[in-house]
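Here's a quick briefing to read with the model open in your viewer. Take a look at the structure, then work through the notes by topic.

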Amino acid sequence: MEDCTYVIFGATGNLSRIKLIPALYHLDAAGRLTDGMKVVGFGRRDWDDGAWRSQVRGWLAEKQTEADVLERFLARFHFCQGDLADEAAYPALREMLLGENDFSHNIVFYMAIRPAEFGKVSRKLGECGLAGEKGGWRRLVIEKPFGYDLESAESLNHSLSRDFRESQIYRIDHYLGKGTVQNVLVFRFANLMLEPLWNRNYIDHVQITHSESLGTEGRAGYYDGAGALRDMIQSHLLQVLTLVAMEPPANLDAESLRDEKVKVLRSIRPIPQSAVNAHAVRAQYTAGKINGEKVPGYLDEPDVPEHSVTETYAALKLFIDNWRWRNVPFFLRTGKRMAKGNSMVAIRFKHPPQQLFRETQIEQLEPNWILMNLQPNECIRMEMQVKQNGLEMRTETTRLDASYCGINPDQLDAYEALLLDVIEGDHSLFLRYDEVSWAWKVVDPILKVWSVERDYITGYNAGSWGPPEADRLFLRQDQYWRNTL
Ligand code: BG6
């Protein structure tokens, strides 16, 4: 691996403290960083390298670290004092990075800052000559939200592309860094027995659920302007959908993989504004209990505007109009303050064509399910029917666990894999702009209707599995939500 310099804008913020720096530490401890790899924090504080290093040491004090690795790690840290809006700060940064210091000229610019600043900072980098790839590569890392709707995503892309080429931009969707999400691809494409069944002939429907028992956790300022549909569905859950539904790629290189994902997004049947209510449900949590503890409703959370109608729960029904999936519904669902924090893909198969056993009607025979639990437990489970013990020919459900089912203590943090991929120049787990834009096209009509019909939003009790209204998305009475394993 080549040496590089990681520049973190927003170095002293939450993302840097909670995710980036611990992930870089783990990579260092695992021997995955080269000796010449350096981390430059860019921030407003009046700090020198020493002060920045003590700050990082303080953050890592809560984690398990080894003394010699920690010293090696801290020695990589340098600080560049500056304000994002200050014209003079960028030439100073340039001087630090490309001047007399022995920093590698392969540079990652990580934007751990508010999305509203992405365009401005990338412009400043371009203007001071830090975007061009003279003497080393230059990569720009940004994280969702990539815009607020299709139009703003386009304008963000337009401003980034003035100074950085698409091949220099790494758009993180941290869900793709999760090993369990990547396992969807391995399970599908390393097991021949699944492929003949993986289509409209055998699959009744697919559910993708991300539920959280947590609320807005001090992020209401951002969350109230976003809502569940933008926060989780437009980004993470549509990405999971592409992995479940895509055709086998020619190989796993970034372009082949992303081409196939884009084909899925392009094939999603557009939802006309007149059909939004038939395809989407939104709701907001009211007070309730989680694990026996009382929790307030969304409107009583700190920093939530008094009459907010922001949805903290969203469920969608989508159809993918292609040869493999036509008329198979994909149900996507997410919510805050639900009964349990869990993420799962549940694939329900059709009933066998004939009922031979004791249940009176075919619908009473349990169908097969494949459950891919993404977190907190990792698990791929198949539910099959076998004969019940006893004299009669009755069926019962048995579970086949195709992978270790439990909490994996060695699960890597999603950021570790992604930060390394940026250094290695591997785009496979990052979003190409056309993916972002097609994902906005899927949700935009719903966002438009919801933003106008603002006078009414259904409630659900905190600690429940969401509003009963979500059941109306199903096509038949024998369809029901699978919440956890
Ligand atoms: C983030 C959302 O992108 O993903 C959060 O902004 C959400 O609201 C989080 O809680 C969920 O990801 P994870 O990895 O914490 O389950």
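Predicted model: local features only at pLDDT ≥ 70, side-chain atom pairs only at ≥ 80, totals over all residues.

Residues are numbered from 1 along each chain as its sequence is written, and side-chain values use heavy atoms, with hydrogens and water left out.

**Around the ligand**

- Helices (H or I, at least four residues) and strands (E, at least two) are DSSP runs, numbered from the N terminus.
- For polar contacts, look for pairs of N or O atoms within 3.5 Å; within protein, one must be able to donate a hydrogen and the other to accept it, and residues adjacent in sequence count only if both atoms are side-chain atoms.
- Gln 375 has a side-chain N or O atom 2.6 Å from an oxygen atom of the ligand, and a polar side-chain atom of His 174 sits 2.7 Å from a ligand oxygen.
- His 236 also has a side-chain N or O atom 2.7 Å from an oxygen atom of the ligand.
- On its own the ligand has 390 Å² of accessible area, and the protein covers 76% of that. These areas come from the Shrake-Rupley method with a 1.4 Å probe; for residues, only the protein chains shown count as cover.

**The annotated histidine**

- UniProt, in an unreviewed entry, places the feature "active site" at His 236. UniProt positions are given in the numbering used here, feature names are shortened, and annotations may be inferred rather than shown by experiment.
- His 236 is in helix H9.
- Is His 236 buried or exposed? It's buried, because its relative accessible area is 2% and buried means under 20%, exposed over 50% and partly exposed in between (1.4 Å probe, protein chains only).

**A parallel strand pair**

- Strands S2 (residues 38-43) and S3 run parallel, joined by five bridges; two strands pair if DSSP finds at least two bridges between them.
- Phe 42 stands opposite Cys 80 in S3.
- S3 (residues 77-81) is mostly covered, with four of its five residues buried.

**Backbone details**

- Lys 144 and Pro 145 are joined by a cis peptide bond, with omega about 5°; Pro 145 lies in the loop between strand S5 (138-143) and helix H6 (150-161).
- The bond from Gln 375 to Pro 376 is cis too, with omega near 0°, and Pro 376 is in the loop between strands S14 (369-375) and S15 (379-387).
- Asn 327 isn't a glycine but has a positive phi, near 70°; with a relative accessible area of 43%, Asn 327 is partly exposed.
- Arg 337 has a positive phi near 50°, and at 13% relative accessibility Arg 337 counts as buried.
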